[in-house]
Amino acid sequence: MIISHSKKVIFYRTPKTGSETATLIFRLAGLVDKNSSRDFCTPAAESALKGLNWPRKLSAEFEHYTQMRRVIQAKGSKLRRQKSEDPDGNDKIDLSEDETKFMRQSKEETTYPFTRPVIIHSTADTLIKEGLAHHNLATEEEVYGYDSYAYIRNPLSKFVSAYTFQQKVYYEAAAKKGHRLPPFDYLFHLDDFHDVVKNLKEHYYKSDPSYGVVIYRPQIDWFKINGETHKDGKRLVQPLVFENMVEEGNKMLGKHGCFDKFQEWPRINTQDRQGPKIGF
């Protein structure tokens, strides 16, 4: 996400639409003023792009969230070891009051997964009335008043990209745990893809809020503010077409006085070569 108060522009990162590449290019083009005390940009892991004006309180929240998960996971692992040694022993994790509250909130986010998306892929509503509202990154007046943009992509190709990305995440996580795995390309099967499609709502939305929800979330959500796509006859978030990424992005940059002569953009974090392997 980019919030450029200096240019009065907001760029929302729709998942699996090349937003990591776009964020890098928009920063290089001058959409964000690095000397501004308010211009905000989320970090981009694949391009090693650091975040800009990240609130300390937000960093503290993320650190607390990460630490809490580690503690609970460690307690869960300990309980499983104890159960293997003593099947009749205690079968409940001993959680503190804060840990219990954290687990309850996590369960609510899993049940209602669209309320707090990953910050990099935040929507307008997240900024003004949900998870980021108390950080004052942008006021409701600014969110409505600035020129806002997000990329939009053919839904089927986006879904294929989301699926292959999900497989990659699962594979890398299993590899880190030391599991014996087949070659990565072996994981791509059309039957498995169909299984994900059929069980998306019942399985992935409920069991995998960090990836399974965000990457499969309907694109229209990034083009709404308070549930509306238009106000006073004006579209609230302008779509940039993924299939014409460079042309659309350069046009937007030129409109806002930025460098717009990029003839070719790098392709970061792409899964475009995996589609044919599952039948597309």
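A: Happy to. Helices and strands here are DSSP runs, helices of at least four residues and strands of at least two, numbered from the N terminus. Keep in mind that this is a predicted model.

Let's start with the sheet itself. It is open and has five strands, in the order β3-β1-β2-β4-β7, with mixed pairing. The edges belong to β3 (40-41) and β7 (237-241); each has a single partner strand, so one side of each is left without a neighbour in the sheet.

Now look at β1 (residues 2-4) and β2 (residues 9-12): these strands run antiparallel and are joined by three bridges.

Helix α1 (residues 19-28) touches β1, β2, β3 and β4 (147-152), and its direction makes about 155° with that of β2. Helix α10 (residues 245-255) touches β4 and β7, with its direction at about 175° to that of β4.

Finally, visit two loops. Most residues other than glycine have a negative phi. In the loop between β1 and β2 you will find K8, which has a positive phi of about 60° although it is not a glycine. K16, in the loop between β2 and α1, also has a positive phi, near 60°.

Technical notes. Residues numbered from 1 in each chain as written. Predicted model: local features only at pLDDT ≥ 70, side-chain atom pairs only at ≥ 80, totals over all residues. Heavy atoms only, no water. Pairing = 2+ DSSP bridges. Contact = heavy atoms within 4.5 Å. Axes fitted to C-alpha atoms, helices over the stretch in contact; angles between N-to-C directions.
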